[in-house]
Amino acid sequence: MSLAPFYPIVDSAAWVERLTRLGAQLIQLRVKDQSDDVLRQEIRSATKICGRAGAQLIVNDYWQLALEENCDFVHLGQGDLDTVNLQALRKAHVRVGISTHDHAELERALALQPDYVALGPIYPTVLKQMPWAPQGLERIGEWKRRVGNLPLVAIGGLTVERVPGVFAAGADSAAVVTDITRNADPDRRTREWVEVADRCVSLRSQATS
């Protein structure tokens, strides 16, 4: 499988609708600290929005609700792997992406045969406190050699200006949060992301063909 190169992560269906209108084709819904009722409604709304837009929705963490709402893609952190029912997800044909931050986590993720692996944080991030030092571009290349044809998602501190280096290092998709959601002009920034990410992947494809 392949992933769209531009991979925004947002916390509401309203953001999902806004970004699909601007050209986003792959979006993660990551809602924190809400009731199950609110989570279910956000997932349900985001699923409908992505369906209309022909975009791929990935639900973060809440794999049980994703199953109940007939979602087809979830993203799991390492902590989620302790309790997730992968057999149930596979039976329902739900694809799975897994976060990794070190070699042990990568080995654990690959043993579960995910549909993509994420590596982070590539750069320092203001989104949350991370126990890992920034991975840097060199680690992207190392991870890509390990995962082979499996899509590799880079995340953490990414900006439009840093995107070319991320793709040149071997990432297949670049995940972004604050460079869009905290930008003074999120719409303009999103258009920049779409353009730059698509161009980077196109240039790399031409170079290897």
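Because the model is predicted, local features are described at pLDDT of at least 70 and side-chain atom pairs at pLDDT 80 or more, while totals for chains, interfaces and linings use all residues. Residues are numbered from 1 along each chain as its sequence is written, and side-chain values rest on heavy atoms, with hydrogens and water left out.

The protein has 9 helices and 8 strands; helices (H or I, at least four residues) and strands (E, at least two) are DSSP runs, numbered from the N terminus. Its C-alpha trace spans about 45 × 40 × 35 Å along the principal axes. The radius of gyration, taken over C-alpha atoms, is compared with a globule rule of 2.2 Å times the number of residues to the power 0.38. For 209 residues, a compact globule would come near 17 Å, and the protein's 16 Å agrees with this. Of the 209 residues, 51% are buried, where buried means under 20% relative accessible area, exposed over 50%, and partly exposed in between (1.4 Å probe, protein chains only). Among contacts (heavy atoms within 4.5 Å) between residues at least 6 apart in sequence, 54% join residues at least 24 apart.

The 8 strands close into a barrel with parallel pairing, in the order β1-β2-β3-β4-β5-β6-β7-β8; two strands pair if DSSP finds at least two bridges between them. Neighbouring strands of this sheet are turned against each other by 25° on average, direction ignored. Angles here run from 0 to 180 degrees between N-to-C directions, with axes as lines fitted to C-alpha atoms, for helices over the stretch in contact. One example of the pairing is that of β2 (residues 26-29) with β3 (residues 56-60), which run parallel and are joined by 4 bridges. Within this pair, Leu29 stands opposite Val59 of β3.

Helix α1 (residues 13-21) packs on the sheet, where it touches β1 (6-10) and β2, and its direction makes about 170° with that of β2. Helix α9 (residues 186-208) lies across β1 and β8, at about 150° to β1.

Just after the helix, Gly23 takes a positive phi of about 110°.

Thr159, in the loop between β7 (152-154) and α7 (163-169), counts as buried because its relative accessibility is 18%. Beyond its neighbours within four places in sequence, Thr159 is in contact with Asp179, Arg189 and Trp193. Ala171 sits in the loop between α7 and β8 (173-176) and is buried, with a relative accessible area of 0%. Not counting residues up to four places away in sequence, Ala171 touches Ile140, Leu152, Ala154, Val166 and Arg204. Ala171 and Trp143 are 28 residues apart in sequence, with 8.9 Å between their C-alpha atoms.
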